[in-house]
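Please read them with the coordinates open.

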Amino acid sequence: LGFILVSAGCAIGLGNVWKFPYMAGKYGGAAFILIYLVFLVLLGLPVLVCEFAVGRASRKSTARAFHDLEPEGANFHNFSYMSMVSNYVLMMFYTSVCGWMVAYLFKTGIGTFDGTHDIPTVFSSMIGDPVEMAGWMLLVTLVGFAICAAGVQKGVERITKVMMAALFVLMAVLCVHSCLLEGGQEGLAFYLLPNFDNLFNNPNASFPQIVYAAMSQAMFMLSIGVGSMSIFGSYVTRDRKLTGEAVNVALLDALVAIMAGLIIFPACFAYGINPDAGPGLVFLTLPTVFEQMPLGHLWSTLFFLFVAAAALSSVIAVFEAILRFTMDQWDISRKRAVAINAPILVLLSLPCVFGYNVWSDFLVPGIGDVQSLEDFILSNNILPIGCLLFVLFCTTKRGWGWDKFMAEADRGEGIAFPKWTRLWVKYGVPALILIVFFTGWAPTMQTWLGLA
């Protein structure tokens with residue numbers, strides 16, 4: 001249970017409670033969710049099992065896992081540092097956005113969103129203040145590393161289990177409340193009843209763009225490709241088959257995302273708010289909805305408590321991945337790894353903090369501001385390449401190989417990895433990953449070439 005909740009805590013984060021709802025609203029509601037679920041099974045689960053298997057077989061982070069498992073003469077160990085880089089790049093902007101969530105929890109608690117303040121002004125004022133933004137980022141970073149400093153069982157597992165349990169209780173309460181709102185049934189229909197016309201006649205995107213969004217979301221939400229999941233795989237005992245554990249994590253991950261939509265969409269429709277508000281849905285639209293509700297202050301506080309808990313659980317999990325890499329690579333203690341990584345990560349997080357104020361003029365054509373650039377480097381490059389490496393390592397003779405991967409994945413009791421999927425995992429999954437990679441680059445290349 002501890003492994004499942006900690007792994008789910010890594011996977012469950014802003015991708016579930018911030019990105020998934022606004023993408024579902026933008027790309028067609030239930031029809032988009034169906035496509036996402038298909039790719040969660042076809043693409044996300046195989047890569048997740050590969051990561052778990054590499055971690056459990058080596059009992060190490062990606063710092064040394066490829067070294068220990070690859071055959072003599074192979075070169076997969078050359079990519080070891082990609083995991084460290086990817087987790088750092090993720091936290092360069094994730095700590096700031098998590099700080100936004102904690103800030104909104106605080107502001108909601110003191111009554112900032114009580115109808116007397118203009119919400120867009122509150123948000124723009126918050127991210128436009130470098131001192132305030134740096135303060136929230138620093139708080140998130142210090143709390144995350146403090147929990148990790150206590151160790152895996154005493155710190156990461158104990159805190160994450162409590163946070164995940166509280167998260168599901170909060171979500172259940174908010175879901176029931178939102179679904180019972182007068183006028184919310186239209187939102188439930190939009191979110192739960194597929195209308196495929198929303199895919200082919202969508203004003204926000206073409207059908208191929210929607211399919212690409214579903215594929216990339218399936219990868220991003222599971223936190224695969226960056227080595228974090230291999231860390232938690234290294235903690236799994238060999239009495240459980242890894243496919244069953246991966247299914248449990250993926251189900252919890254998808255459940256949280258879908259429940260987030262059950263909170264958001266009935267409320268939006270009940271109060272006449274457009275569900276395709278984009279990234280501003282959580283920060284600009286929902287506070288307006290809560291303002292109009294009876295006991296809106298209570299519901300708003302509970303909602304942002306849930307969002308902040310989800311975001312912080314991912315921060316803790318990725319910090320643990322960074323620490324384990326450092327400890328394995330240089331054979332140092334956990335506390336020394338914290339002392340080294342904490343100040344480095346604070347400094348690397350500052351560009352995102354300043355990207356909305358003192359560096360707001362910095363824009364990369366075809367990509368955007370500082371945070372967009374960091375997200376692009378991770379989501380469009382490192383993440384798909386990392387997923388591809390794990391799959392190739394587990395399926396090719398130049399790596400670990402299919403037979404050794406299957407032997408590790410199927411140790412113990414539970415759901416076995418289907419042997420008949422060998423050709424799909426070896427060829428189909430890499431093909432999908434390459435589609436995600438090249439499609440993600442297409443708009444940027446069009447801009448750079450003057451075709452957009």
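1. Basis. The model is predicted, so that local features are taken only where pLDDT is at least 70 and side-chain atom pairs count only at pLDDT 80 or more, while totals for chains, interfaces and linings use all residues. Residues are numbered from 1 along each chain as its sequence is written, and side-chain values use heavy atoms, with hydrogens and water left out.

2. Leaving aside neighbours within four places in sequence, Phe303 is in contact (heavy atoms within 4.5 Å) with Leu174, Ile263, Ile264, Val282, Leu286 and Phe290.

3. Helices α5 and α17. The axes of α5 (residues 80-109) and α17 come within 10 Å and cross at roughly 140°, the axes being lines fitted to C-alpha atoms over the stretch in contact and the angles running from 0 to 180 degrees between N-to-C directions. That angle makes α5 oblique to α17, given that under 35 degrees counts as roughly parallel, over 145 as roughly antiparallel, 65 to 115 as roughly perpendicular and the rest as oblique. Among the residues that make the contact are Val85, Val89 and Phe93 of α5 and Ile377, Leu378 and Ile382 of α17. The crossing of α5 and α17 is left-handed, a term for a near helix turned anticlockwise from the far one by less than a right angle, with right-handed used if clockwise.

4. Helices α7 and α15. Helix α7 (residues 130-149) packs against α15 at an angle of about 60°, with the axes 9 Å apart, which makes α7 oblique to α15. The contact involves, among others, Val140, Gly144 and Ile147 of α7 together with Leu312, Ile316 and Phe319 of α15. The crossing of this pair is right-handed.

5. Asn381 lies in helix α17, residues 370-395, and counts as buried at 14% relative accessibility, where buried means under 20% relative accessible area, exposed over 50% and partly exposed in between, with a 1.4 Å probe and protein chains only. The side chains of Asn381 and Trp441 are joined by a polar contact of 2.6 Å. Asn380, also placed in helix α17, counts as buried at 13% relative accessibility; leaving aside neighbours within four places in sequence, Asn380 is in contact with Tyr212, Asp375, Phe437, Gly440 and Trp441.

6. Gly233. This glycine is placed in helix α12, residues 228-233, and is buried, with a relative accessible area of 0%. Gly233 and Glu51 are 182 residues apart in sequence but 7.1 Å apart in space, C-alpha to C-alpha.

7. Positive phi. Most residues other than glycine have a negative phi. Ser223, however, has a positive phi of about 60°; Ser223 is found in the loop between α11 and α12 and counts as buried at 15% relative accessibility. Leu295 has a positive phi near 55° and lies in the loop between α14 and α15, where Leu295 is exposed, with a relative accessible area of 61%.

How values were computed. Helix = DSSP H or I, 4+ residues; strand = E, 2+ residues; numbered from the N terminus. Polar contact = N/O pair within 3.5 Å; in protein donor to acceptor, adjacent residues only side chain to side chain.
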